[in-house]
Amino acid sequence: MRVTKFIGLTLLLCCLQISQLLAQDKASLQLEKEVWQAINDYRKEQGKEALQWSDTLAIVARKHCNYMIKDNNGQLSHDGFEKRFDVIKKSIPAADGMGENVASGIVSGKAALELWLKSAGHKRNIEGNYNMTGVGVATSKDGRIFFTQIFLHKH
């Protein structure tokens with residue numbers, strides 16, 4: 001009887017953990033789309049072409065967010081930028097230009113846009129001659145949200 005209760009409790013805890021992960025993942029996906037929408041709204045205001053979403057770029061961006069959290073002690077960086085571009089070019093051979101914005105500590109797509117517009121380099125990427133993008137979001141154990149947006153020009 002005790003074994004059955006233990007197994008039942010273990011399964012319940014596992015289900016709760018899985019549902020929390022799915023909820024967090026859903027929230028991250030929603031935040032990624034918010035950033036994409038905010039960037040495209042801004043680009044349209046500037047008379048620029050909207051950026052097409054790329055799952056490939058989003059996957060690479062998510063991996064970079066996780067790198068910053070786990071392997072870079074929660075520090076923002078562009079470490080490995082050229083390597084990411086090489087990986088992307090293998091999946092998207094027509095890629096001929098890339099930019100990248102990173103941020104943390106903000107909680108909305110609009111906040112990411114506003115933060116990046118205050119930096120000349122980030123703003124240049126947002127307004128740049130790109131036609132594809134992917135956004136990655138990851139949350140550290142202490143609840144800090146990390147963002148990476150990759151901009152790509154595909155001819």
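The following legends describe an overall view and several close-up views of a predicted model.

Local features are given only where pLDDT is at least 70 and side-chain atom pairs only at pLDDT 80 or more, whereas totals for chains, interfaces and linings use all residues. Residues are numbered from 1 along each chain as its sequence is written, and side-chain values use heavy atoms, with hydrogens and water left out.

**Figure 1. Overall view of the protein chain.** The protein chain contains five helices and four strands, in the order α-β-α-α-β-α-α-β-β along the sequence. Helices (H or I, at least four residues) and strands (E, at least two) are DSSP runs numbered from the N terminus. Of the 155 residues, 42% are buried; buried denotes a relative accessible area under 20%, exposed over 50%, and partly exposed the range in between, with a 1.4 Å probe and protein chains only. The accessible surface amounts to about 9200 Å², and carbon and sulfur atoms account for 56% of that area. These areas come from the Shrake-Rupley method with a 1.4 Å probe, and for residues only the protein chains shown count as cover. Among contacts between residues at least 6 apart in sequence, 67% join residues at least 24 apart, a contact being heavy atoms within 4.5 Å.

**Figure 2. The aromatic pair of W36 and W53.** This is one of two aromatic pairs in the structure. The rings of W36 and W53 are tilted, at 5.3 Å centre to centre and with 55° between the planes. Because W36 belongs to helix α1 (residues 2–45) and W53 to strand β1 (residues 52–53), the pair ties together parts 17 residues apart in sequence. Rings of Phe, Tyr and Trp (its six-membered ring) pair if their centres lie within 6.5 Å; planes under 30 degrees apart count as stacked, over 60 as edge-to-face and the rest as tilted. W36 is partly exposed, with a relative accessible area of 23%, whereas W53 is buried at 14%.

**Figure 3. The aromatic pair of Y130 and F151.** The ring centres of Y130 and F151 are 5.7 Å apart and the planes meet at 40°, so this pair is tilted. Y130 is in the loop between α5 (120–127) and β3 (132–139), and F151 is in strand β4 (residues 145–154), 21 residues apart. Y130 is buried, with 14% relative accessibility, and F151 is buried at 0%.

**Figure 4. Lysine side chains over aromatic rings.** K33 lies over the face of W53, 3.8 Å from the ring centre. K89 lies over the face of F85, at 4.4 Å from the ring centre. A charge sits over a ring if NZ of Lys or CZ of Arg is within 6 Å of the ring centre and within 35 degrees of the ring normal.

**Figure 5. Strands β2 and β4.** Strand β2 (residues 95–104) has nine of its 10 residues buried, so the rest of the structure largely encloses β2. β2 and β4 run antiparallel and are joined by nine bridges; two strands pair if DSSP finds at least two bridges between them. A103 has F147 in β4 as its bridge partner.

**Figure 6. Strand β3 and its partners.** Seven of the eight residues of β3 are buried, and the strand is mostly covered. β1 pairs with β3 in the parallel sense over two bridges, with Q52 opposite M132 in β3. Eight bridges join β3 to β4 in antiparallel fashion, and G136 is partnered by T148 in β4. The hairpin of β3 and β4 has five residues between the strands, and there G143 takes a positive phi near 90°.
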